[in-house]
Amino acid sequence: MKSNYVTEAINLKSYNLNDADKIILMYSKDSGLIKGVAKGIKKPQSKLGARMDLLVANTLQLLKGRSMDTILQAQTVNNFRKTREDFDKLMLSSYISELVVNFGEGSESASKDIYDLLYKALNRVANAADKKDALIAVIKFQLKLLLIMGFCVELDTCLCCRERVLDEEMFFSSQMGGIICKECNETLGVRLSMHYKIRDFLQAMLQFDFDYESDYDRKATEKVCQVCFDLLDEYIKIHTNKRQKSAKVLKELVTA
Ligand SMILES: [Zn+2]
């Protein structure tokens, strides 16, 4: 049996194990969420040091254990330095990280896609010129993560009548996860109205490659981005409620 393995992973959370050691919850490229013990991390002469800080991407060598693996070596790939100097960037990166903690359980088969998306989003937030730019990265992350996890937001056709929505005005249901046309909403009564320009913007954020900067990226305002972020966040909160509860149980097990 092979007891050592190498993977790339991003630190998402850490828990105290005892006076000297910590458990690091990471998202890895090869096997999704993993936990590793960072031995002696609380001692000043620790070899792992700042590499085990939250929101750092490392290439790791781990020793397989019965219940938990031990981190033998870490080499930093990216510490997203500019995020650590900016409150907004730190909050948005923590949000991204929290989503991966909540969504990550059972995502092993998609771990490479999720890891790449997580890395790109954290990197784009770190290097964002302003808050709008950082929000765009988070919106792309929200939409693409939902797509990978099978909770994609419906932006083309009305969730009731399944017709393409071509009117300027439509409605968005966070409960149902998509758009509702004006006619259907007369009986449904969803309160959140949505302009087609917002819908088109979200469509572009979902469809284009993460790194592709379209006209939509350039023309968006911070206000529009904030509206889209809030709308997606509400949908995510409704659909991850169950997952968040199981993540909480995991945390309690780890810290017990
Ligand atoms: Zn309809």
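Q: Why is lysine 120 called partly exposed?
A: Lysine 120 has a relative accessibility of 36%, and since buried means under 20% relative accessible area and exposed over 50%, with partly exposed in between (1.4 Å probe, protein chains only), lysine 120 counts as partly exposed. The model is predicted, so that local features need pLDDT of at least 70 and side-chain atom pairs count only at pLDDT 80 or more, while totals for chains, interfaces and linings use all residues. Residues are numbered from 1 along each chain as its sequence is written, and side-chain values use heavy atoms, with hydrogens and water left out.

Q: What makes lysine 120 and aspartate 211 a salt bridge?
A: The term requires a side-chain nitrogen of Lys or Arg within 4 Å of a carboxyl oxygen of Asp or Glu, and the side chains of lysine 120 and aspartate 211 meet at 4.0 Å, N to O. Lysine 120 lies in helix H2 (residues 111–126) and aspartate 211 in the loop between helix H5 (196–207) and H6, so the pair ties together parts that are 91 residues apart in sequence; helices here are DSSP runs (H or I, at least four residues), numbered from the N terminus.

Q: Why is aspartate 211 called exposed?
A: Its relative accessible area is 55%, and therefore aspartate 211 is classed as exposed.

Q: How do you know that glutamine 142 is buried?
A: The relative accessible area of glutamine 142, a residue of helix H3, is 0%, and therefore this residue is classed as buried.

Note on methods. Helix = DSSP H or I, 4+ residues; strand = E, 2+ residues; numbered from the N terminus.
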